[in-house]
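Hi everyone, thanks for coming.

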Amino acid sequence: MKSLLKLHAMTLTGLVLAANAGLLIYLAAGDIMRWAEINWMDVAGEGGTCLILCGWLIMLLRGRPAGRVTRLLSLGLCFTAFSMWMDCLDEFIRLPAEAIWDNWLETAPMPVGMLLMTLGMYHLQQEQRAISEQMRKREQRLRDHRLFDNLTPLSGAQYLRQHLQQSLVQARAEQQPLSVVAIDLDDFSLVNQRYGQDEGDQVLQAVAQLLLLNLRQQDMLCRLAGDRFVAVLPNTGEHQALKMAGELRQSVASLAHRSQHHGERLQLCATVAAVMALDENEAQLLKRLNLALACAKPRLARSA
Ligand SMILES: Nc1nc2c(ncn2[C@@H]2O[C@H](COP(=O)(O)OP(=O)(O)OP(=O)(O)O)[C@@H](O)[C@H]2O)c(=O)[nH]1
């Protein structure tokens, strides 16, 4: 309550002062009615509304951060609560019949209050829209984040499947060929064994960058798992895909990665495979790609 008074002292003091001033003016100008003359139904209706509006005001000031929306809504509530208070006062105080100013005091603050509240509601709606948009973007970022590999700047297997699904639909609609290329490092486990997991991570990051540099703008590269990368090549037939796969293998073989500790050069080798999409879904295409890769693996690895 203390912080409420501190933060909104002006608004609350203004309302209390206005309510007291109204009471004093009525008392100065009129006579207090007798008990029997009071219409209790009106008192309950008007007084109750006034109390409820004051309750709303307190809830609003306690629950919302300071700002334009809070200011407009609280001012609107103050005006309407004041209007109801003045309306209620004439149930207890009889004013001379010739007085017409009391009508102004009762009625005029109501539309002003309503107008202020309408403006407040409008800005509240805008504020809610901006918040929802922000939440939507944050949620999207989180969702996308899950689709990314946590070591390289590439997407992971889940995104690859989604992307392939869409690319297959698009390729069919445009009647264009689509190919996929797999790049799998040979004996990568030896890198981990000899140089440690951290060095292995550095190698995977370097290879990811290298492959990205060797692909075209429209191609999409993912790390399918461990030391296996897959590139989706739109508008690419099998012949061209095989050529690109060969170039990627060559670029890995030429990579001059040096270990962090002793600076010795790590000689890397990759096995590649390329297949063109037929009338199949993404799972079948990936299965064919993995089979092609298994066949292309050096014989020693296949028999192991
Ligand atoms: N440093 C590092 N190693 C990983 C990561 N993910 C998988 N690996 C390792 O990569 C290796 C993959 O092993 P294999 O699938 O047998 O591949 P390989 O040793 O290259 O053997 P071949 O593919 O048959 O030539 C395993 O030793 C995994 O521990 C990673 O994120 N970082």
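Let's start with helix H11, residues 282–296: at 1.5 Å a residue its 15 residues should span 21 Å, and the end C-alpha atoms are 21 Å apart, so the two agree. That expected span is 1.5 Å times one less than the number of residues. Helices here are DSSP runs of H or I with at least four residues, strands are E runs of at least two, and both are numbered from the N terminus.

A quick word on the source: this is a predicted model, where local features need pLDDT of at least 70 and side-chain atom pairs count only at pLDDT 80 or more, while totals for chains, interfaces and linings use all residues. Residues are numbered from 1 along each chain as its sequence is written.

Which residues of H11 are buried? They are Glu 282, Leu 285, Leu 286, Leu 289 and Leu 293. Down the axis of H11, these buried residues fall within an arc of 95°, so they line one face of the helix; the arc is taken from the directions from the helix axis to the C-beta atoms. Buried means 20 or more other C-beta atoms within 10 Å of a residue's own, exposed means 12 or fewer, and partly exposed is in between, with C-beta atoms placed from the backbone. On the face turned away from the buried side, H11 carries exposed Ala 283, Leu 291 and Cys 295.

Now the loops. Asp 187, between S3 and helix H8 (188–195), has a positive phi of about 50° without being a glycine. Asn 235 sits in the loop between strand S5 (228–234) and helix H10 (238–253), and its phi is also positive, near 50°.
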